[in-house]
Amino acid sequence: MATTINFYRGVKSLYDAESKHLDAIYFATDTKELLMNGTNYGGGGITDVRFDKNSNKLIVSKIEGNTEYDLTELIKFKTSLPDELTTPNKIGGLNKGTSVETLKTKTLSQIFEDILFEEIQPSVQAPSASISFKSPFTANQILEVGAVAPTAEQIQTGFSRGNCTVVGQPNKNRAGELISDDQSFVYVGNSTSNKTLPLKVTLGTMQYNYQAHHGAGDTLLTSKGNRATVSPNPLPAGIVKSGAVYLYGTYPYFCNGASASSSAGDTNFPSTVTPDTKLPLQKWTDVLIGAKFASEASTEKRLEFYFPAEKNVTKVEFYNTVSGKWEVFGTDKYAISDAGTKTIQGEEKAYKKLTTTGAMSGALQLRFTVADAGKKLVDEPDTYNGEEITDEVVTMMARNSREVPFVMPMNSVMPMAATTGNRPAGVAAFAVNFEPGGQAPLDARQLVPNKTDLIAAATYSGKNTYNGMLVVVGDNGNGKPALYILKDMTKITQEDYSGWIQVDVSAQTLLQIINDLTTGGTDKALSAEQGKVLKGLIDNLSNKVNGLGAVYTPKGTVADLEALKKVASVSKGHVYNVTAEVTLNGKKYPAETNFVYIGEAANQASVETNWDSLGGTVDLTAYAKKVDLEGFLTAEDLADYATKAEVARDYATKTALSEAIAALAETYATKAELTNYATNETLKSYATKAELDSAFAWHEEE
């Protein structure tokens with residue numbers, strides 16, 4: 001940068017050496033003095049002084065002629081140091097390695113400027129192009145496939161030349177002005193060859209860009225007025241492209257509920273079913289769709305979720321309001337089927353439908369993971385709260401619970417639930433138990449205040465009941481609680497309680513416990529102690545029965561009594577069969593009679609009293625045989641005798657007569673009583689004893 005020296009002309013009385021004219025040359029036109037900082041450098045004979053700013057020379061006119069003084073030389077750096085000596089370090093704006101030779105070409109002011117003020121390059125803003133949508137379109141807007149796309153009039157473009165600034169210099173433009181020719185245009189699909197704007201929204205991402213053609217820019221300078229080092233300088237004519245703006249084409253999702261968050265818990269669940277509710281549009285590449293549904297039990301309607309046929313639901317999760325986490329909704333809880341077509345922007349589009357199965361649920365917030373139709377549930381990783389289950393997730397859960405949440409190797413995939421056999425599987429699998437803080441059951445359905453509440457329709461307005469449901473009645477009508485099981489949902493409100501079974505002790509029949517073997521009764525139970533007594537009796541009887549088999553020991557057959565009395569080795573209980581007829585101990589026994597040895601001493605067979613028969617015959621020779629009595633008495637012989645039936649019919653038994661006499665004694669007086677009280681004349685009107693005896697016959701009972 002050139003050194004500036006100020007030169008002034010005027011009368012000497014206006015010269016201000018201390019302030020205004022400090023370090024400046026002043027020619028006093030009245031005294032003809034050449035002054036600088038209060039010193040006269042002109043001498044005598046000076047007629048005029050002027051300054052040539054182009055050559056930085058002071059021209060002094062004298063009578064003898066003009067003298068030129070190069071003022072630059074007066075203030076240049078002068079030194080006796082060798083020219084090759086250089087600065088060892090950078091000093092301010094004076095670069096390291098600057099030689100003495102270079103410094104000698106500069107004035108002291110220039111050197112001080114280099115030290116005190118570094119040369120600053122300009123800040124350069126590159127030229128840019130911009131593009132945006134006009135109403136009703138906005139950037140990143142999601143639209144239905146087939147909707148009207150933006151026209152050229154609905155697209156706003158812009159161009160900035162790029163402002164370049166540096167201290168001490170006027171602002172410059174990096175690029176020239178916009179050239180509105182065929183090189184400035186809007187293009188789509190990230191291809192400059194595609195300049196035709198689409199008329200309709202298409203499926204997926206729609207990208208719009210703008211290209212601007214500009215002229216050459218300004219030459220950029222540094223803070224000291226030197227040419228800036230930015231390259232190229234200046235910027236030649238060229239083109240610049242804008243960033244992209246996007247629209248997204250998609251097909252809508254439908255449900256019979258309402259829209260809901262797919263990340264956080266929602267509130268204000270619908271109370272009724274709203275078929276074909278269109279959910280907020282999602283990008284075609286989005287994978288999570290949120291919805292919330294009214295209680296199936298209350299509305300008696302299954303929840304429904306409709307999605308384009310090109311998609312597939314790979315996972316369903318419900319928001320657990322207890323844990324505040326998303327839990328997997330088992331695949332056995334829903335089914336997917338074709339749902340026909342829906343009209344989207346005037347075109348028919350094939351859809352599928354997801355419908356729940358199994359027991360009807362309450363109000364639910366669900367999020368559906370959707371993907372291309374070829375993607376299946378097994379392609380999705382198991383998640384907890386939307387995160388893939390890893391060792392870190394398991395460790396976190398273990399820290400937050402007093403129970404181990406997963407009893408399984410850390411590198412194994414966690415099953416959603418254990419095998420449940422023939423019973424329906426639960427919707428959510430909890431790895432920990434609960435510790436309720438309130439004084440109420442975790443399941444509010446399990447307690448009603450009174451027995452009448454058990455069958456009140458208002459109690460079950462949510463229709464969230466099931467056969468087998470347990471309910472405790474706080475007051476069963478007797479001031480005591482009772483336990484019931486729902487056996488028939490169709491009779492849940494029947495006044496006779498036929499839909500319920502009471503299962504607590506008060507509903508059972510109490511049996512009296514009897515602790516003896518003499519008291520009877522079909523509604524009583526025998527005590528365990530008497531069971532022990534019975535066992536003792538049975539065991540004793542069994543021992544006796546078993547002992548009978550040990551008393552008699554068959555030993556064989558002998559011919560006659562003499563042979564029996566000669567048995568050499570015999571003991572108590574030995575039994576022999578005697579072939580011949582025997583008379584033993586004065587009694588006659590037929591052939592083939594068995595005799596048992598009953599002697600206390602062994603081997604005394606010759607003593608007849610040591611033997612006893614185990615059988616024998618009765619002598620009936622003194623009695624007539626039936627055949628001998630045939631014809632002994634004829635019917636004529638018996639004609640004068642009454643038969644047993646006739647006697648029973650015509651005659652009273654002794655017992656009957658005794659009862660009759662006893663009855664007469666209550667009605668009639670005896671002879672003694674008559675003697676004491678009646679006269680002979682009086683008695684003549686009554687029956688005599690003979691008359692009474694003849695009136696009643698006496699017969700012995702047969």
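Predicted model: local features only at pLDDT ≥ 70, side-chain atom pairs only at ≥ 80, totals over all residues.
**View 1. An open sheet of four strands, in the order 1-2-3-4, has mixed pairing.** Strand 1 (7–10) and strand 4 (39–40) are found at the edges of this sheet, and because each of them has a single partner strand, one side of each is left without a neighbour in the sheet. Strand 1 runs parallel to strand 2 (residues 25–28), and the pairing of these two strands extends over four bridges.

**View 2. Helix 3 (residues 108–116) has Gln110, Ile111 and Asp114 as buried residues.** When helix 3 is viewed down its axis, the buried residues fall within an arc of 100°, and they therefore line one face of the helix. What these buried residues of helix 3 pack against is helix 2 (100–103).

**View 3. Strand 25 (residues 347–356) pairs with strand 21 (residues 304–308) in the antiparallel sense, and strand 24 (residues 334–344) also pairs with strand 25 in the antiparallel sense.** The pairing between strand 21 and strand 25 is made over five bridges, and here Phe307 stands opposite Lys352, a residue of strand 25. Between strand 24 and strand 25 there are nine bridges, and Thr343 has Glu348 of strand 25 as its bridge partner. Strands 24 and 25 form a hairpin in which two residues lie between them, and Gln345, which is in the turn, has a positive phi of about 50°.

**View 4. Aromatic pairs number 16 when the whole structure is searched.** Phe329 and Tyr334 form a stacked pair, with a distance of 6.5 Å centre to centre and an angle of 15° between the planes, and both Phe329 and Tyr334 are buried. In the pair made by Tyr589 and Phe595, the ring centres are 5.4 Å apart and the planes stand at 85°, so this pair is edge-to-face. Tyr589 has a relative accessible area of 12% and is therefore buried, and Phe595, with a relative accessibility of 0%, likewise counts as buried. A cluster linked by ring pairs contains Tyr253, Phe305, Phe307 and Phe368; Phe307 is also the residue that stands opposite Lys352 in strand 25.

**View 5. Two lysines, Lys195 and Lys311, are shown with the aromatic rings over which they lie.** Lys195 lies over the face of Phe185, at a distance of 4.1 Å from the ring centre. In the case of Lys311, the charged end sits over the ring of Trp284, and its distance from the centre of that ring is 4.4 Å.

Technical notes
Residues numbered from 1 in each chain as written. Heavy atoms only, no water. Phe/Tyr/Trp six-rings, centres within 6.5 Å; stacked < 30°, edge-to-face > 60°. Buried < 20%, exposed > 50% of the residue type's maximum accessible area, 1.4 Å probe, protein only. Lys NZ or Arg CZ within 6 Å of the ring centre and 35° of its normal. Pairing = 2+ DSSP bridges. Arc of directions from axis to C-beta. Contact = heavy atoms within 4.5 Å.
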